[in-house]
Amino acid sequence: MSEWLVLTLAMAAACAVVLAIVVINHRRIPDDDDPNETPDVIEYMTMMIGVIYAIVLGLAIAGVWEGRGAAQEVVRQEAQAMHEISERVEVYPLPVREGIRADVDAYVDYVVNEEFPHMAEEGETTPEGDALLQKVRRSVTDYEPANDFEGQAYQPLVDQVMVADDARGARGQSAGETMPGVVWFGLIIGALVSVGLIFTLQIRRTGRELLLAGLYSALIAFLLFLIWDFDAPFGRGLAATAAPFTDLFPQVTE
């Protein structure tokens with residue numbers, strides 16, 4: 001099922017539940033009830049809880065968005081490091097150069113076409129990817145430079161392998177969900193409390209009040225969906241992508 005369809009259904013369900021409760025509650029209100037009798041303290045508490053929950057939602061969205069941005073950045077660093085390895089071996093003899101580039105291309109092809117889909121489903125990197133990166137490392141470090149010119153390129157190549165390895169490790173750590181379960185518990189309870197408090201204001205069954213109640217509940221459902229969607233940087237609709245790899249290694253998409 002499409003994630004946007006899930007969002008639509010969640011927002012529609014939130015609106016339907018709230019509006020149904022409002023209509024049912026309205027039928028139980030006696031004819032002589034005065035909506036102006038809502039205590040001022042209830043209005044104040046409703047406002048303060050709404051503000052506090054809005055701050056919590058904002059912090060949660062900022063946190064998961066920052067996590068997604070960091071995940072995309074480590075992908076860029078990893079892709080750039082592999083590109084640098086592929087370019088810097090130009091000073092090596094043809095057989096060595098072609099061997100290292102072949103190992104780099106094999107690693108990039110696997111990451112783009114195999115590992116990224118696996119990360120989206122399982123939330124982790126694969127042992128096969130580790131083995132391919134290790135093969136690149138051996139190809140770079142096992143070659144003994146034949147002259148000073150090659151020797152000057154050797155250490156930067158080793159450094160780029162280390163950068164790629166570090167970025168890969170960070171990518172693996174970012175692959176899973178980042179929000180702890182206790183935070184989700186607080187967000188969901190806060191949503192129920194925030195929506196529930198609007199019923200203390202004696203909402204009437206007028207078009208304006210029903211519209212506002214429905215929009216309020218739909219907005220909270222949308223924000224919770226947004227947090228959920230960003231929570232797995234590689235696994236959902238607005239996920240970090242392999243674009244840095246495909247931009248630098250267009251041959252892997254052919």
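This is a predicted model: local features need pLDDT of at least 70, side-chain atom pairs count only at pLDDT 80 or more; totals for chains, interfaces and linings use all residues.
1. Helices here are DSSP runs of H or I with at least four residues, and strands are runs of E with at least two, numbered from the N terminus.

2. Residues are numbered from 1 along each chain as its sequence is written, and side-chain values use heavy atoms, with hydrogens and water left out.

3. H3 also has a kink of about 40°, centred on Val111; the bend at a residue is the angle between axes fitted to the seven residues ending there and the seven starting there. Val111 is itself buried, as are Tyr107, Glu115 and Met119, among others in H3 (buried means under 20% relative accessible area, exposed over 50%, partly exposed in between, with a 1.4 Å probe and protein chains only). After H3 comes Gly123, with a positive phi near 75°.

4. Which residues make up the network of salt bridges? Glu78, Glu115, Asp130, Arg168 and Arg171 are linked in it. A salt bridge here is a side-chain nitrogen of Lys or Arg within 4 Å of a carboxyl oxygen of Asp or Glu, and the whole structure holds nine of them.

5. Take Arg171 and Glu78: their closest N and O atoms are 2.7 Å apart. Arg171 lies in helix H5 (residues 148–174) and Glu78 in helix H2 (residues 40–88), so this pair ties together parts 93 residues apart in sequence. Both Arg171 and Glu78 are buried.

6. Arg171 also meets Glu115 in a salt bridge, at 3.1 Å from N to O. That pair links helix H3 (residues 94–122) to helix H5 across 56 residues.

7. Asp130 and Arg168 form a salt bridge at 2.7 Å, N to O. Asp130 sits in helix H4 (residues 127–141) and Arg168 in helix H5, so parts 38 residues apart in sequence are tied together. Asp130 is partly exposed, at 41% relative accessible area, whereas Arg168 is buried at 3%.

8. Lastly, the unreviewed UniProt entry annotates residues 44–65, 181–204 and 210–228 as "transmembrane region"; such annotations may be inferred rather than shown by experiment. In the model, residues 44–65 are 100% helix, with end C-alpha atoms 32 Å apart. Residues 210–228 are likewise 100% helix, and their end C-alpha atoms lie 27 Å apart.
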